[in-house]
There are 2 protein chains.
Amino acid sequence: MAAAASPSSALQAPWLPWMRRALQLAALGEGRTSPNPLVGAVVLDAAGQLVGEGFHARAGEPHAEVGALAQAGARARGGTVIVTLEPCCHHGRTPPCSEAVIAAGISRVVVAMADPDPRVAGGGIARLRAAGLEVIEGLAEAEALRLNRAFVHRVRSGRPLGILKWAMSLDGRTALPNGQSQWISGAEARAWVHQLRAGCDAVIVGGGTLRADDPLLTSRGRRDPEPIRVVMSRTLDLPPQARLWDTTMAPTLVAHGPEAPQERREAFDRLAAAARDGVQPGAAGREATYPWAEGACTPELLASQSGPQRLELPSCEPAALMEALAARGCNRVLWECGPELAAAALRQGCVQELAAVIAPKLLGGQAARTPLGDLGQESLDQAQPWRELERTNLGSDWLWRLNQS
Amino acid sequence: MAAAASPSSALQAPWLPWMRRALQLAALGEGRTSPNPLVGAVVLDAAGQLVGEGFHARAGEPHAEVGALAQAGARARGGTVIVTLEPCCHHGRTPPCSEAVIAAGISRVVVAMADPDPRVAGGGIARLRAAGLEVIEGLAEAEALRLNRAFVHRVRSGRPLGILKWAMSLDGRTALPNGQSQWISGAEARAWVHQLRAGCDAVIVGGGTLRADDPLLTSRGRRDPEPIRVVMSRTLDLPPQARLWDTTMAPTLVAHGPEAPQERREAFDRLAAAARDGVQPGAAGREATYPWAEGACTPELLASQSGPQRLELPSCEPAALMEALAARGCNRVLWECGPELAAAALRQGCVQELAAVIAPKLLGGQAARTPLGDLGQESLDQAQPWRELERTNLGSDWLWRLNQS
């Protein structure tokens, strides 16, 4: 009764359970591989028995295929590699995986998706085929693309994937009319936000949020290292005391534009120097685990480990910040900012996903803060619907995640 | 393994399937029995076979037990009546049901809940027991109370149960900054609102909503008669042309307080007289089906059928309006008003349920309209969580219904 399977799907079907396992393995690196993608790999011997598994755990550490081949050893000869992303063909911090696959005597490689990185972009697959290996492409490609949507977005657009998160009451308020905002949502929702941060490379607030809430902005240890905490401030009107200035737990980056007053820059630099001098002795040991410790952006980020760092952007705009964060290896960033910065991030295309936590409470007050400033829309037709990704309960609160449709 | 059933539950258990059927029957009257409750009844013969079913379809028409007993006829003798509400013992528009049950030779009556109406309040059950009938009380009482929560609320508090409904964007806006608000939600959500109105006895807006939206506020024929459309206006600054002034489809009541200017009252009365004169000939035929045609409030409401009616309240406040609507036989009313009137209704305890339709769109704009004006809360502790009743999709929109916890 079913339509005849296409040659391609007939070829792919036997490998699907293994590819799902490789995708599970890949997901184990969540939040720690940036700027690299999440990758998982499985090695079967010539008889189809599992002989090796691996995943990419951290930038600078071995790629998934290499770990799986090392586990398989000589049993890989004549076998199959099932891998979620095309093996690389370039020398980065590690040698090309395609060469490692060929050297191990593998006969067949099953790949979920091509690597969008222009240094690879099909070159790895071509290298394998040139060496006489059978390559099957596109198995579970949609799942693999979803898993690496942040990496793919960053490679294609030059900006990290942005998630905008807010917690509001059922009547759309993020604070009482008197400004009180802690806590609208409950303990479960706050724990979920810590988990969300653990999947992000940076967490962004504006100067207003820093001044009002003195936030910590960490994943509470769910990610090691913690995401970079970014404050975007046009005026550099920043409090002399703030929890973000203690960078023993997580790095802090203060971004501003050319218009920031010189005296405020100097004041911040003095504050940062004082924070560096006051750094706790144990903190230095954490530097080695920083994900970009071997990456292109090492000097700045290592510096940020021992005091907050200042970054002048070409303009004090979300788009400029996103480009700077992409250059620093961020694949996914979280906007946890006030309404005006959030609206600017949306207007400049810096938000691809929304995460709204809605508490079953009424706060009221036309003057009370709301999630978003002006988006410049003149007609309801311009308000395009977002597509639901997830909807779930967090205690008595409600989480709705959406992305652009 | 299970704990021994209590004598009471052992006594009740055989009747539970029949009580569920009676509750289903009761629900068939939804939206049409006010000021009366929803009631369903089943009659079994002496052998336990179903011989009659009935429900209360409309105020002034026979009560559920009477309909079911009529269907059963002589087969009711020695049988059992299963009824969702205590049979009445007073002469209202119909004779007391307890007498009809006794006259039919029934041996046993199973009742879900006592009638909170002070004219009954256990008197019906006492009358049955005095006549020698076995009475089993409290079977599926929670379901029965839920089904009649509006009736019970009105009897106990002297005010109809209030539902506050709004449609907003994911960022809590009920309009764009430029005021545009039609349509934030989609066709499915709008159809659901028509259904919601069909379950209500009145739909309330403020003068601002009338001026801005010129709404129709009907159930689009899902309820016959349509709910009373109520405009609450402090100033009586009302448009000379409005769809609400045509009362051939549904009655319209304009409520104001003592401060309403005399010249505006006169202007409205002229407008109402003109609307009456322009009434369509066919409209008179609808008066006979009005649910309070035989009730205490007949004169006013019949008048409203042929032109909008004006009502001066002791004060122009939601609480005063609710008392007036309870006196007019309303069990359940729907607040579809703007933020200031909604906030006043909440502050005055005139809202027991919330229905928020949330569209997956972002409208933005600090100046844009939001669901609620100031609630006078100074601390987040004062914002008590509401309890979820229902959460469902309406097309791509989302519906969240809650009540007071």
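Guide: What follows is a close look at the contact between the chains, and then at the surroundings.

This is a predicted model, where local features need pLDDT of at least 70, side-chain atom pairs count only at pLDDT 80 or more, and totals for chains, interfaces and linings use all residues. Residues count from 1 along each chain as its sequence is written, with chains lettered from A and ligands numbered from 1 in the order in which they are written.

Let's begin with how the copies sit.

Now the contact itself. It takes 40 residues from chain B and 40 from chain A, where contact means C-beta atoms, placed from the backbone, within 7 Å. On the chain B side, the elements giving two or more residues are strand S6 (161–169), helix H13 (339–347), strand S12 (353–359) and strand S13 (386–394); helices (H or I, at least four residues) and strands (E, at least two) are DSSP runs numbered from the N terminus. H13(B) gives the most, with 3 residues. By class, the chain B side splits into 22 nonpolar, 12 polar and 6 charged residues. (Ala, Val, Leu, Ile, Met, Phe, Trp, Tyr, Cys and Pro count as nonpolar, Asp, Glu, Lys and Arg as charged, and the others, Gly among them, as polar.)

The largest nonpolar core has 140 residues, and A:Ile204 and B:Ile204 have the most contacts inside it. Such a core joins buried Ala, Val, Leu, Ile, Met, Phe, Trp, Tyr and Cys residues through C-beta atoms within 7 Å; buried means 20 or more other C-beta atoms within 10 Å, exposed 12 or fewer, and partly exposed in between, with C-beta atoms placed from the backbone. Leaving out residues up to four places away in sequence, A:Ile204 touches A:Val230, A:Met232 and the run A:Val333, A:Leu334, A:Trp335, A:Glu336 and A:Cys337.

Stepping back to the whole of chain A, you'll count 13 helices and 14 strands. Its C-alpha atoms fill a box of roughly 70 × 55 × 35 Å along the principal axes, and 51% of its 405 residues are buried. Of the contacts in chain A between residues at least 6 apart in sequence, 74% join residues at least 24 apart.

Over in chain B, B:Leu147 sits in helix H6 (residues 141–147). It counts as buried because 24 C-beta neighbours lie inside 10 Å. Beyond residues up to four places away in sequence, B:Leu147 touches B:Leu23, B:Ala26, B:Ala27 and B:Leu38. B:Leu38 is 109 residues away along the chain, yet the C-alpha atoms of the pair are separated by 7.4 Å. Helix H5 (residues 123–130) of chain B has buried residues too, namely B:Gly123, B:Gly124, B:Ile125, B:Arg127 and B:Leu128. Their cover includes helix H4 (97–103), strand S4 (108–113) and strand S5 (134–137) of chain B.

Most peptide bonds are trans, and most residues other than glycine have a negative phi. The bond joining A:Gln182 and A:Trp183 is cis, with omega about 0°, and A:Trp183 lies in the loop between strand S6 (161–169) and helix H8 (187–198). Another cis bond joins A:Ser34 and A:Pro35, with omega about 5°. A:Leu217, which is not a glycine, has a positive phi of about 60°, and A:Leu217 is buried, with 27 other C-beta atoms within 10 Å.

Technical notes:
Contact = placed C-beta atoms within 7 Å.
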